[in-house]
Structure formats: C-alpha cells, structure tokens
Amino acid sequence: MYDLVIQNARILDGTSAPWFRGWVAVQNGAISKVGTGAPPSAKETVDAEDQYLAPGFIDIHAHSDVTLPTYPQAESRILQGITTEIGGDCGLSVAPVSNDPAKKRQLRDYVGDMAYDWDSIGGYLDRLEALGTSVNFGTAVGHGTIRLAVMGFETRKAAEQEMREMAALLRQSLAEGAFCMSSGLIYPPGCYADTEELTQLCRELVPFGAFYETHMRNEGEGVVEAVQEALAIARGSGAPLQIAHHKVTRKTVWQVHCKTTIALIDQARRQGLDVKLDQYPYSASATSLDSNIPLWAFEGGVEALLARLQDPETRKRINAESNASHIGRWGDIHIAYVSTEKNQWTVGKSIEEIAQIRGIDPADACFDLVVEEHCRVGEINYGMCEEDIEYIMRQPYTMIGSDGESVSLEYAGQPHPRWFGAFPRVIAKYCRERKLFPLETAVFKMTGLPACRLGLSDRGLIKPGMKADLVLFDFDEIEDTPDYQKPQQPCKGIRRVYVNGVLTALDGVHTGARGGKILRRGQV
C-alpha cells in the first residue's frame, strides 16, 4: 500500500510531452509508480478532479540565501508552486566569508545583515539543514563574494596570488556543493573584475561539471556587448553559460537589441557552446537603490560610499553623473522597501515624486534615501517592453527564474510581485492568455529544463524514482494575484503543493510543513 495516490489527474510529466490522464503513487517521499486506469490502494487518496498535476516548479534564479534563515517556511515560494530554488545569484552569495572583520562587515553591509557565523558554502548549507525549510534549496557561489573575501572593494586588477586565493575559494565552494559560480557585473566588487579574471576562474568550473551564471555588465544600450563578453568567457573557459534574467532595459533599443542578443546566442549554440537563459515574466526589474550610483563611488565598501555621498564636492560629481545617465528615468524608479519607519512614506512612490515632495533634485532624493537608510533601500524599475519579454520567453532554451526571495505573506514594504507570483504568471498570462506556447512547454521551462541545467537527476519530472515534488493546479483559474501594489498574497488556482511527498500548501494556505531538503551539486 502506497503512502499517497493522486488520481484522476491530467499529468504533465515535465518533459514537454503531451499531458495524459492518470495517477501518481508516492512512497517514502518519492514517486513509486505512474499509471493509467484503476489506481492502486494507498493510505491517502486524493482526487485531482481532472486538474493538472505537474512537477514542483524549480526556481533557478533567486536570492533566498539571505532570507531563508528568517523565513524558513518560504510562503512566497511554496504558494506559487515553487518546490526547489537556487540562491546566491548575481555574484552575491552569503559565503565564503573572510575572517577579516573589515571584510566581514563589508559583506554584511552589502549582501545582507546576517550573523555570518559560518565561513564557507558548506557551513551555511549545514546551518540551513539544521534549521529545516519548506522548500528544497541549493546555492551558487558568488564571484563578487569571493572577490570581496580576498580583495575587499578594491577597484584594481587582481594580482597572481589573489587569483590563486580566489580560485581556491571557488574550488572549495564547488566541492561543498555549490551548483555554479554567479557573477553580478553591475554590482561592486564583482564589476571591478575584467574578462580575463572571469575566464580564468570559470576554468575551475569545468572539472566539477558546474556552469557560469552571469548578471551581465549591461542590460541597456550596451546589452549586445555584454552578451558578447559572456560568450567570450564561455569560449575561453569551456564552462556552460547561463545568462541571468535576460532583458533589455532601455526604451531606445527596445525590439532591436534582443533580436541581436538572441541571434548571437543561437550562433554560439550552433558552434557548440552550452548557452541557456532564464527570465522573469515582468516588465519591471528590481534591485537595490544604490545601483543608481556610479560604480567608482563604491571603492572601499558601503561606509566609503556613504562618506562620499556626504562630502559636498564628491556628491556634486556623483549627482552629475547619475542625472546624466538617468534622463527620463527617475520617474520609472519606485521605492519598494526601506528599513526605517521615518521613510516608510516613500514606499510605492517614484524618485521623481519624492524629489517633488522634498523640493530637491531627483538624484539628491535618491542619494538622501541611500544615506538615511544605510543602503537598505529596494527599488522597482519599469524599464522593459512586452514585445521583448515575449521574444525572449519563447526561445526553447529560456527557463523561468523569479529573481525573488523566500519571505512570508507579512513581509514589509512592496517587494516586486515576482517574489510571490512569477511562475503562475507564465501559465496564466503567457500560456493561457497570450498563447505563446502550449502548457506542456510552459511547465517544461519551469521543471525539466532547469533540472537538466542543474544536474538534478531526481527532480523536475513525474516518473518513478523521482522525488515527489508536485503541484496540482486548475489551468482555468490559475492567476498571479500578487501585483505591484499588494504583492504579499497567494496565487489563485494552486490547489496542492507537495515537497518530497509532504503536503505543504492546500488551496493557497501553507500547512506549516518543512519537508524541504538542502541540495548540493554532485550529491543529488
């Protein structure tokens, strides 16, 4: 007798094959049998009522390594059907951690305010494993974090000894289970690295079967050159390439540059490079507000940045550069989160609105918030067009990544709705309404494809031997109810979510279960 049988389901097996009516039997947290006809006996039988049963969604691009210790139930993940996620992206992971107090403070200031009482990827994963989480979790190791541990916020080229130290930290992180090395080339200190440094480090990935994931150096008017650099790193190192949240964020090159970047990627794939993409299904991006500050101003870390912003002459130079690069853009940048009570009134307002209320220049309004909040300010930036989103999404090698975080429904502020609704949005808007692709393809982009990229041999598909990560949903009712005004809400139409065979969500309500597993590359 099985532990669980889900019967009368339309089964989407995660391979993009057509759905079929059948049943799935679960025993000891794994799928034991999949069949049609009369189902076997079980301790618990669930009638799917002809709704769709899919593998649990796999979020290949997230930042929950910062939030999971505080929000281990991961409602923002579970209630949209995500059962597995990968953190540490955009070059900013929470390990490795330097023993140097100054560098540890820089890590805390820039990546996230955590204890950092671990020193390695392995130590951090052990900590999460002891805590217990609702979602399966694995991580990348961030190039920026590695560089910080060795060089701090130095803007110079790495010396030979520093390169050896960074390579050693990378190898240790991979040996302890990191799935890839991520880079964030618009963020310090990773942005201070040149192509040669990144290529040399990426060569370390190849013996481990790991890949290189990059938030590229430019996603606006320079996005073509940024893709060319990423491809050059892949060619020079031999490492597979994952381009993170591919998009075009400048109106001047909408519907033009993404055609060129996709053509470059297609060409590279024909030449034998393993290049894939991930994408979130929204026309607004989100990051920290200090990303609007010229990168040179971060040399020395957050404290040095804040000092420069409070020095009148240096502030004048920073303002001039930022205003010149933000012509027509300040009105598109909205505050998503602040850490203090006194600036809560700014949440949801644009920089342009805040500047008008305060009677100051937009750049000053931005930088005053950065100083007052000690860089703990989140932004949402409306910079993309639907035509580009759809063009990128329909590519066969594009998978879905939320770029979100594991938090509760009570999380403060107005974070990007992608934290709570990215995966149902692909099904509801781009599959059901826009008809970009069949449902089977949509589910493949969320399950089988990211599982293949990550080397997850026991997740992402519905077949015997796979872990019982399952999502039961109503195709007609599924909806990404989280929006920009009220993101903290469950999605409609998600009936049941199982993680390793454990019922973790029922009709939009978290059961409180923590059946997630900590995943380590090479051990899955």
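Glu 49 is placed in the loop between strands β4 (42–47) and β5 (52–55), where helices (H or I, at least four residues) and strands (E, at least two) are DSSP runs numbered from the N terminus. The structure is a predicted model, in which local features need pLDDT of at least 70 and side-chain atom pairs count only at pLDDT 80 or more, whereas totals for chains, interfaces and linings use all residues. Residues are numbered from 1 along each chain as its sequence is written, and side-chain values use heavy atoms, with hydrogens and water left out.

Most residues other than glycine have a negative phi, and most peptide bonds are trans. Glu 49, although not a glycine, has a positive phi of about 55 degrees. The peptide bond from Ala 95 to Pro 96 is cis, with omega near 5 degrees, and Pro 96 is found in the loop between β7 (82–87) and α2 (101–110). Another cis peptide bond, with omega of about 0 degrees, joins Pro 188 and Pro 189, and Pro 189 is found in the loop between β10 (180–184) and α6 (195–202).

Helix α4 (residues 143–151) packs with helix α5 (residues 160–175) at an angle of about 130 degrees, their axes being 9 Å apart; the axes are lines fitted to C-alpha atoms, for helices over the stretch in contact, and angles run from 0 to 180 degrees between N-to-C directions. The two helices, α4 and α5, are therefore oblique to each other, since angles under 35 degrees count as roughly parallel, over 145 as roughly antiparallel, 65 to 115 as roughly perpendicular and the rest as oblique. The contact (heavy atoms within 4.5 Å) is made by Ile 146, Arg 147, Ala 149, Val 150 and Met 151 of α4 together with Glu 162, Glu 165, Met 166, Leu 169 and Leu 170 of α5.

A search of the whole structure finds three cavities of 30 Å³ or more. On a 1 Å grid over the protein atoms alone, a cavity is a set of points where a 1.4 Å probe fits but cannot get out, and lining residues have an atom within 4 Å of a point; grid points are joined across faces, edges and corners, and a volume is the space filled by probe spheres set on the points. The largest cavity holds about 70 Å³ of space, and its lining includes His 245, Tyr 280, Met 384 and Asp 388. Helix α13 (residues 386–393) contributes the largest share of this lining, three residues.

Methods. On a 1 Å grid over the protein atoms alone, a cavity is a set of points where a 1.4 Å probe fits but cannot get out, and a pocket is an open set with protein on both sides within 12 Å along at least five of seven lines; lining residues have an atom within 4 Å of a point.
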